[in-house]
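Here's a quick briefing to read alongside the model.

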Amino acid sequence: MSATSTSTSTSTSTSAFASASPLRVRAAAIGLSAMALVTVATVTAPSGQAAPAAAGRPGAATTVTTLKFVRNSADPQNSRLLVVRNNKTQAVFRAGSGLGRNHAKGRDECASAKGWLPAGTYTVGARQTRYNGNLIKGYAIPLSNKTCKNGRTTRTELFIHSEMTRTGGQGSTESRRWDGVGDYKSAGCIKLAPEDIKKLFRNLGRGAAPKHLVVV
C-alpha cells in the first residue's frame, strides 16, 4: 500500500470515529482499554505458571491431618489415639496418659508428672525416630506446653512416645523395655506400645504431617 493510500485510509477512519455518537466512542474506548489490559496480563504473566483461578472457584483439594486423644476416665491406660484426615478416622491406637485409675492423681490434669494430659488443643512438633532424651528415647513426637484448667499449672515436656532404646529396640532397663499393659502408665505424656508407635509413624508418613493434637 502506498503512502498516499495510508494517509487517505487514516484520515477516513479518523473522520468516521469523530463523527460517531459520544456513546459509541465511549464504548469503543472501553473495548480498546480492556484489550490492552488482557495484552499486558499475557505479556507479564510468569512463564510456565497457570493463570490464577477465578474468584470463588475451588482450588486443589488439601489434606488436613489431626491427632485426637480420647481419654478413658474408667481406665486412662486404655485410652485411644486417633489419626484423623479430613474429618475421617484413618487409624486408632491404644494409648495411656498419667499414672492411671488406681493413683489418686492419675486423672488430675493439673498434677504434674502424675495426671493425664489436660484437655485442649496442642501444637504437634516434628516426628523423631532417634530421640535421645534423659527419659524418652527412640520414636517420639513433641507436644506444646499446656496450662491446665486451674489456669496456673502449666504441663511441660510432653510427648507422644513409647518405651524403647534410642534405635527403637527393646532395652534391658524398665524405661527402655516394654513389658505389657502396665507400661501404658506415664508422667502425663501419651504412651503407645512400641509396635503401635512405629505403625503410627508409618501412617503419618503417608500424608500431610499433623499440626495439632486435640485432647478430649
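Let's start with a strand pair: S6 (residues 137-143) and S9 (residues 158-161) run antiparallel and are joined by four bridges. Within that pair, proline 142 sits opposite phenylalanine 159 of S9. Keep in mind that this is a predicted model.

- S6 and S9 belong to an open sheet of four strands, ordered S5-S6-S9-S10, with mixed pairing.
- At the edges you'll find S5 (128-132) and S10 (190-191); each has a single partner strand, so one side of each has no neighbour in the sheet.
- Helix H3 (residues 194-204) packs on this sheet and touches S5, S6 and S9.
- The direction of H3 makes about 60 degrees with that of S6.

- Is lysine 191 buried or exposed? Its relative accessibility is 6%, and the cut-off for buried is under 20%, so lysine 191 counts as buried.
- The side chain of lysine 191 makes a polar contact of 2.8 Å with the side chain of glutamate 163.
- Setting aside neighbours within four places in sequence, lysine 191 also has contacts that include Arg94, Ala95, Gly96, His161, Trp178 and Tyr184.
- Two of the residues on that contact list tie back to strands already named or still to come: His161 falls in S9 (residues 158-161), and Arg94 falls in S3 (88-95).

**The five-stranded sheet**

- A second open sheet has five strands in the order S3-S2-S1-S11-S4, and its pairing is mixed too.
- Which strands are at its edges? They are S3 (88-95) and S4 (120-123), each pairing on one side only.
- From one strand to the next, the twist in this sheet averages 20 degrees.
- Inside the sheet, S1 (residues 65-70) and S11 (residues 212-215) run parallel, with three bridges between them.
- If you want a spot to look at in that pair, lysine 68 stands opposite valine 214 in S11.

- The chain averages a pLDDT of 81, and 72% of the residues score at least 70.
- Residues 1-60 are another story: pLDDT stays below 50 there, and the stretch has four contacts in the model beyond near neighbours in sequence.

Technical notes. Residues are numbered from 1 along each chain as its sequence is written. This is a predicted model: local features need pLDDT of at least 70, side-chain atom pairs count only at pLDDT 80 or more; totals for chains, interfaces and linings use all residues. Side-chain values use heavy atoms; hydrogens and water are left out. Two strands pair if DSSP finds at least two bridges between them. Axes are lines fitted to C-alpha atoms, for helices over the stretch in contact, and angles run from 0 to 180 degrees between N-to-C directions. pLDDT is the predictor's confidence in each residue, from 0 to 100. Contact means heavy atoms within 4.5 Å. Buried means under 20% relative accessible area, exposed over 50%, partly exposed in between (1.4 Å probe, protein chains only). A polar contact is a pair of N or O atoms within 3.5 Å; within protein, one must be able to donate a hydrogen and the other to accept it, and residues adjacent in sequence count only if both atoms are side-chain atoms.
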